[in-house]
Amino acid sequence: MNMKSERAKIALVRAGAYKCDELSIDIDEALDLIGGLSSFVPPQSKVFVKINHLPPPSVAEKCIVTNPVFVEAVVTLLKAITTDITVGDDIDSGPPDGFEVSGIRQACDRAGVKLINLREEGFIEKSDANNMALDKTYISKAVLESDVIINLPKMKTHSLAVFTGAVKNMYGVLPGGIRRRYHADYMARVDFNQMLVDVFSQVRPHLNIMDGIMAMEGEGPAGGSPRKVGVVLAGADAVALDAVATTIIGIDPMDVRTLKYAAQRGLGVADLGSIDVVGQAIDDVKVLGFKHPASSSGAAVEKAPRFLAGFVVKQLDVKPSVKKVKCTGCAECAKVCPVHAIKMSSKIAKINDSMCIKCLCCHEVCRYDAIVRRQSFGGRLLAFLGKTMQRAFNKS
Ligand code: SF4
Ligand code: SF4
């Protein structure tokens with residue numbers, strides 16, 4: 001489907017707290033603005049609800065996962081239309097049970113709906129001649145066999161991809177081992193982001209509802225800090241929804257490669273001029289001073305002349321570094337490293353810099369903040385200059 005010439009419609013409403021009754025009303029209000037939930041979900045259809053749940057267990061308050069009360073509120077609305085509802089994501093099998101630590105399991109139990117770990121239900125090989133990076137991949141059977149996919153992304157920054165929202169959340173329908181391998185197979189930023197868009201193009205959600213009440217700023221998707229934004233966004237076009245979300249937190253949608261490439265490939269609308277925002281105006285909910293990841297400076301610098309941009313982007317590369325005092329020796333980072341660059345030595349993680357491909361999977365998985373992102377002095381200086389340039393570009 002080519003959406004380049006179409007306009008997109010995104011609902012934007014304020015929402016104050018994670019209280020199921022209140023949130024159901026807020027989400028319902030957002031959905032009413034785009035035609036109502038029943039316009040997306042036929043009666044008694046088979047619905048899959050894709051949450052954002054990173055593999056290492058974390059409590060909901062850290063804002064790494066879609067809040068369980070948000071999930072419960074959506075599912076409560078869905079139950080008025082269909083009883084065939086499955087909630088899920090692909091996470092490491094416990095113990096501990098990641099779904100229980102975050103509270104998603106309890107939320108699904110309260111709502112009386114099925115919760116699955118995608119890796120326990122199997123994957124189906126998929127290929128598409130229109131792909132830019134992938135020859136073939138494996139996608140969750142449960143997702144592919146559903147009639148309606150409802151995507152519930154969390155509003156978060158991302159150290160590697162700048163922003164993770166509705167488009168990138170669909171990467172989670174691949175098996176965890178393959179997701180890690182792709183970090184090594186698609187090391188160049190262009191290839192990695194085109195690969196993400198390939199996955200998105202094969203599992204386009206029918207409806208996206210973003211948890212933007214408590215977002216994550218800084219070095220997300222796991223190492224950032226919670227930040228209140230107080231909004232819910234909803235719409236059929238995941239690209240447009242992400243474009244509105246990034247604008248709210250001060251990121252130019254065109255600095256997020258997944259959005260840029262998805263729009264170029266006709267998979268959605270990233271141009272704000274072609275998006276009708278209904279409900280609140282973006283300017284009324286904009287958050288000033290939202291911390292962006294260092295990678296957003298790189299995106300801004302890439303707008304500079306080509307010879308300069310290549311040099312600068314290289315300098316901006318960040319490497320992971322282990323903070324020994326915080327390392328508990330849990331070895332989660334060693335398990336996820338796609339090139340086996342991490343070894344455990346005296347119960348402390350050690351990174352072999354010469355093997356590291358800077359995918360930051362270890363940073364993403366460490367729940368003890370023991371893996372920090374290291375940038376050279378020159379890189380930090382350039383990041384500062386990049387942000388200054390970004391402000392200048394935004395004004396012009
Ligand atoms: S760095 Fe983090 S993930 Fe790795 S062993 Fe230490 S605590 Fe665990
Ligand atoms: S050490 Fe960390 S950043 Fe480097 S390749 Fe392994 S997981 Fe990726």
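Predicted model: local features only at pLDDT ≥ 70, side-chain atom pairs only at ≥ 80, totals over all residues.
Close-up 1. Helix H2 spans residues 68-78, and because ten of its eleven residues are buried, it is largely enclosed by the rest of the structure. The buried positions of H2 are Pro68, Val69, Phe70, Val71, Glu72, Ala73, Val74, Val75, Thr76 and Leu78. Among contacts between residues at least 6 apart in sequence, 76% join residues that are at least 24 apart.

**Close-up 2. Helix H7 and the elements that cover its buried residues.** In helix H7, which runs over residues 176-185, the buried residues are Arg180, Tyr182 and His183. They lie on the same side of H7, because the arc that they cover around the axis is only 155°. The cover over the buried residues of H7 includes helix H8 (189-202), helix H14 (332-336) and helix H15 (361-365).

**Close-up 3. The shell of residues around ligand 1.** Around ligand 1 there are 14 residues, of which Cys327, Cys330, Cys333, Cys366 and Ala370 come nearest. By residue class, the shell around ligand 1 consists of eleven nonpolar residues, two polar residues and one charged residue.

**Close-up 4. The shell of residues around ligand 2.** Ligand 2 has 13 residues around it, and those that come nearest are Cys337, Cys356, Cys359, Cys361 and Cys362. The shell around ligand 2 divides into twelve nonpolar residues and one charged residue, with no polar residue among them.

**Close-up 5. Lys46 and Gln44 in the loop between helix H1 and strand S2.** Lys46 is placed in the loop that lies between helix H1 (20-33) and strand S2 (47-51), and it counts as partly exposed because it has 14 C-beta neighbours inside 10 Å. When residues up to four places away in sequence are left out, Lys46 touches Asp84, Ser146 and Asp147. Thr83 stands 37 residues from Lys46 in sequence, while the two are 8.1 Å apart in space, from C-alpha to C-alpha. Gln44 also has its place in the loop between H1 and S2, and although Gln44 is not a glycine, it has a positive phi of about 55°. Gln44 is exposed, because 11 other C-beta atoms lie within 10 Å and a residue with 12 or fewer is classed as exposed.

**Close-up 6. His340 in the loop between helix H14 and strand S14.** His340 is found in the loop between H14 and strand S14 (342-345), and its phi is positive, at about 55°, although His340 is not a glycine. Most residues other than glycine have a negative phi. His340 is exposed, because it has 11 other C-beta atoms within 10 Å.

**Close-up 7. The cis peptide bond between Gly220 and Pro221.** Gly220 and Pro221 are joined by a cis peptide bond, for which omega is about 15°. Most peptide bonds are trans. Pro221 is found in the loop between strand S10, covering residues 207-217, and strand S11, covering residues 225-235.

Notes:
Residues numbered from 1 in each chain as written. Chains lettered and ligands numbered in written order. Near = placed C-beta within 6 Å. Nonpolar A, V, L, I, M, F, W, Y, C, P; charged D, E, K, R; others polar. Contact = placed C-beta atoms within 7 Å. Helix = DSSP H or I, 4+ residues; strand = E, 2+ residues; numbered from the N terminus. Buried ≥ 20, exposed ≤ 12 C-beta atoms within 10 Å, placed from the backbone. Arc of directions from axis to C-beta.
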